[in-house]
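Let's take a walk through this structure together. Keep the sequence and the 3D view side by side as you read.

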Amino acid sequence: MPIHFFQEDIDFIPENAESLQHWIIQITTDHHYSIKNLNYIFCSDQHLLNINKKYLNHEHFTDIITFDNSTENKVIESDIFISIDRVKDNSNVFKTTFEEELYRVMIHGLLHLIGYDDGNHLDKKRMKKKEDVCLSLLSIQGST
């Protein structure tokens, strides 16, 4: 499969990796994209903060940073870094399960790669709605 899960400075790989891979491919295909190579790298807050400072000149924590390495139209090649610390905290803030927040963040990064944006209020609403639709397609027992 062209979708890989890595851990950087923490001990975390999502359960149900194969189901997640099929789900991500389904969403990608539904949008008429293909995946050449998609890496999800799970890490700590501190690791992602360092990336945020180094590559984006941002001095704040974030839950996800997506690097689009694609060179072909509608072909995804990307590294998506996700802070498991942020996902845990945000699941409490948004009163959802850790798994649902993780899957939402994972699909959020993918949606950016297929053209969705969240730069303004209207775009954020559109992105959230699309995340909800994508989450409804996920068939992992007890995941949402």
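Before we start, one term: two residues are in contact when they have heavy atoms within 4.5 Å of each other. With that in hand, look at His 4, which leaves aside its neighbours within four places in sequence and is in contact with Asn 37, Leu 38, Asn 39 and Tyr 40. His 4 sits in strand 1, which covers residues 3–7. Keep in mind that what you're looking at is a predicted model. The C-alpha atoms of His 4 and Ile 41 are separated by 8.4 Å, although the two residues are 37 residues apart along the chain. Is His 4 buried or exposed, or something in between? Since buried means under 20% relative accessible area and exposed means over 50%, His 4 counts as partly exposed, because its relative accessibility is 30%.

Now move on to strand 2, residues 34–43, and its partner, strand 4. These two run parallel and are joined by nine bridges. To find your place in the pairing, pick out Asn 37, which stands opposite Glu 77 in strand 4.

What does Ser 34 touch, not counting residues up to four places away in sequence? Its contacts there are Thr 28, Lys 74, Val 75 and Ile 76. Ser 34 and Lys 74 are 40 residues apart along the chain, yet their C-alpha atoms are separated by 6.4 Å. Ser 34 counts as partly exposed, because its relative accessibility is 36%.

Strand 4 has another partner too. Strand 3, residues 64–68, runs antiparallel to strand 4, and five bridges join them. The hairpin of strand 3 and strand 4 has six residues between the strands, and in it Lys 74 takes a positive phi near 65 degrees. How many of the nine residues of strand 4 are buried? Seven are, which makes strand 4, residues 75–83, mostly covered.

Next comes helix 3, residues 84–93, where you'll find Arg 86. Arg 86 has a relative accessible area of 18%, so it counts as buried. Leaving aside its neighbours within four places in sequence, Arg 86 is in contact with Asp 45, Phe 61, Thr 62 and Asp 63.

Helix 4 is our next stop. Its 16 residues should span 22 Å at 1.5 Å a residue, and the end C-alpha atoms are 23 Å apart, so the two values agree. Helix 4 is mostly covered, with 13 of its 16 residues buried. Just after helix 4, look for Gly 115, which takes a positive phi of about 110 degrees.

Finally, let's turn to the largest pocket, which has a volume of about 320 Å³. Its lining is made of 15 residues, and those nearest its centre are Glu 101, Arg 104, His 108, Lys 128 and Glu 131. Which helix gives the largest share of the lining? That is helix 4, with five residues. Helix 4 (98–113) and helix 5 (121–136) each supply at least two residues of the lining. By class, the lining has eight charged, four nonpolar and three polar residues.

Methods. Residues numbered from 1 in each chain as written. Predicted model: local features only at pLDDT ≥ 70, side-chain atom pairs only at ≥ 80, totals over all residues. Heavy atoms only, no water. 1 Å grid on protein atoms, 1.4 Å probe; cavity = no way out; pocket = protein on both sides within 12 Å on 5 of 7 lines; lining within 4 Å. Points joined across faces, edges and corners; volume = space filled by probe spheres on them. Helix = DSSP H or I, 4+ residues; strand = E, 2+ residues; numbered from the N terminus. Nonpolar A, V, L, I, M, F, W, Y, C, P; charged D, E, K, R; others polar. Buried < 20%, exposed > 50% of the residue type's maximum accessible area, 1.4 Å probe, protein only. Pairing = 2+ DSSP bridges. Expected span 1.5 Å × (residues − 1).
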